[in-house]
Amino acid sequence: IELTIRNHPRGLEMKSEARAANERVGEARAALLPQVYSAAEYLRSTDNPIGNTTFLNPGFIPRITGTLHGAPANVGQSFSTTDNFLTGVAVQQYLFDFGRVRGRIEQRDEEAHAALSQSRLTELDLVFEAAQRYFALLAAGQKIKVYQKAIDQRSEQLHAAQVKASANLTPQIDVLTAQAALTRAQTDLLEAFDQRDIARVALNNTMAISRNAPDYELADVLTYQPVSGSLESFFASAIAIRPDLRVLEAQARAAGAQIKQARSDYFPSVGATAGYSAMGTGLPAANNFNAGIVVTWPIFNGFATEHQVEEAKATQNAIRYAIEDLELRVWLDVKSAYLELQTAVQRIHQAEATLAASSGQLELADKRYNAGLGNIIELTDAERFYIQDDAAYVDALYGYSVAKATLDRVTGASI
């Protein structure tokens with residue numbers, strides 16, 4: 001599980017998405033700090049005056065005199081150029097805006113929380129995937145032991161049948177029957193090895209380790225424990241922990257922050273500005289300074305603000321309904337997993353009882369055959385049932401392990 005969380009690209013992708021969302025919080029907070037700009041310009045240009053140009057003057061708009069730079073009226077146009085310099089610095093500072101900037105910060109902050117919860121949800125899925133494939137590899141390894149034991153038993157029976165047939169104590173069909181049983185066991189073992197190799201590749205894929213990684217053996221064995229905890233406690237744990245619920249809750253709060261932003265357009269925004277500029281055709285340059293308060297207030301924007309507010313409200317309501325829907329599905333998931341876990345424990349008890357009976361049947365059949373009271377068919381049937389029941393017991397243990405991992409997944413306990 002540790003290797004999976006550390007290496008898997010899916011988990012690393014979501015962690016990067018969460019970091020990106022967290023950086024967007026800083027981007028939004030930057031609007032609270034002073035914004036400083038600078039500019040510089042050099043131009044080589046002509047400097048022709050306007051001259052005595054006739055302007056349409058309605059009488060209330062002041063006009064610049066027609067002669068510039070002390071040039072005479074109706075001066076001719078020149079193509080000679082002069083130097084023109086311009087440089088300046090400006091500072092703007094946010095003061096107040098009735099919630100737009102701070103609403104955006106709140107929105108980005110909740111989006112970051114949603115991205116973090118989404119990353120944890122991905123980790124939860126990866127943990128479940130790793131657990132499934134780990135238990136599948138354990139089950140395949142235990143089945144190999146089952147079929148290896150079956151081959152050892154049937155090899156001994158084939159040898160005993162051959163000895164008895166050579167002494168004319170049993171018919172030749174006993175030898176052929178024992179050979180067929182041994183071959184079937186070898187085929188079962190071959191399939192078990194194949195299942196183990198596939199399970200190992202799947203587990204390596206989940207852990208995202210190198211394709212050339214060395215082989216390894218698992219130290220654990222499949223086992224089980226009685227179910228502890230009530231259905232209600234598991235459901236309460238799921239509601240408190242499940243990352244997908246946290247994602248939706250954060251998205252609902254982000255939608256609430258969008259409502260604040262949209263409503264802020266009903267009110268003015270206030271900012272401070274200051275600047276310095278120097279311009280001229282040479283040195284010394286003409287210096288100018290400015291400072292003041294800027295107030296902007298949207299008077300009419302085609303009712304866009306009203307629509308934006310209603311859109312944000314509808315989005316928030318949609319997310320709330322999604323939360324209610326998810327809570328219903330969480331109850332279904334938890335109850336289904338809880339019932340499946342209980343059934344898995346009962347299935348193990350039944351498999352244990354069946355295996356014990358099969359073991360006794362095999363022991364009696366073996367004694368009857370060695371005493372000449374039974375035949376090879378009775379013995380091979382008992383062996384087949386025992387092998388099947390032994391493998392079924394492994395399957396029951398695997399089913400329990402997956403059911404337990406599923407319950408941990410739906411309650412969020414695995415993270």
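In this predicted model, strand E1 (residues 35-46) pairs with strand E2 (residues 81-96). The two run in the antiparallel sense, and twelve bridges join them. One place to look is Tyr37, which stands opposite Ala90 in E2.

E2 has another partner. Strand E3 (residues 269-280) pairs with E2, again in the antiparallel sense, over eleven bridges.

Now turn to the helices. Helix H4 covers residues 172-207, which is 36 residues. From its first C-alpha to its last, H4 reaches 53 Å. That is close to the 52 Å expected at 1.5 Å a residue. Just after H4 comes Ala208, with a positive phi of about 55°.

Next, look at how two helices pack. Two packed helices are described by the angle between their axes and the distance between the axes. Helix H3 (residues 100-166) packs with helix H6 (residues 243-263) at an angle of about 165°. Their axes lie 8 Å apart. Because angles over 145 degrees count as roughly antiparallel, H3 is roughly antiparallel to H6. The crossing of H3 with H6 is left-handed. Which kinds of residues make up the contact of H3 with H6? Nine are nonpolar, eight are polar and ten are charged.

Definitions and conventions: Residues are numbered from 1 along each chain as its sequence is written. This is a predicted model: local features need pLDDT of at least 70, side-chain atom pairs count only at pLDDT 80 or more; totals for chains, interfaces and linings use all residues. Side-chain values use heavy atoms; hydrogens and water are left out. Two strands pair if DSSP finds at least two bridges between them. Helices (H or I, at least four residues) and strands (E, at least two) are DSSP runs, numbered from the N terminus. The expected span of a helix is 1.5 Å times one less than its number of residues. Axes are lines fitted to C-alpha atoms, for helices over the stretch in contact, and angles run from 0 to 180 degrees between N-to-C directions. Angles under 35 degrees count as roughly parallel, over 145 as roughly antiparallel, 65 to 115 as roughly perpendicular and the rest as oblique. A crossing is left-handed if the near helix is turned anticlockwise from the far one by less than a right angle, and right-handed if clockwise. Ala, Val, Leu, Ile, Met, Phe, Trp, Tyr, Cys and Pro count as nonpolar, Asp, Glu, Lys and Arg as charged, and the others, Gly among them, as polar.
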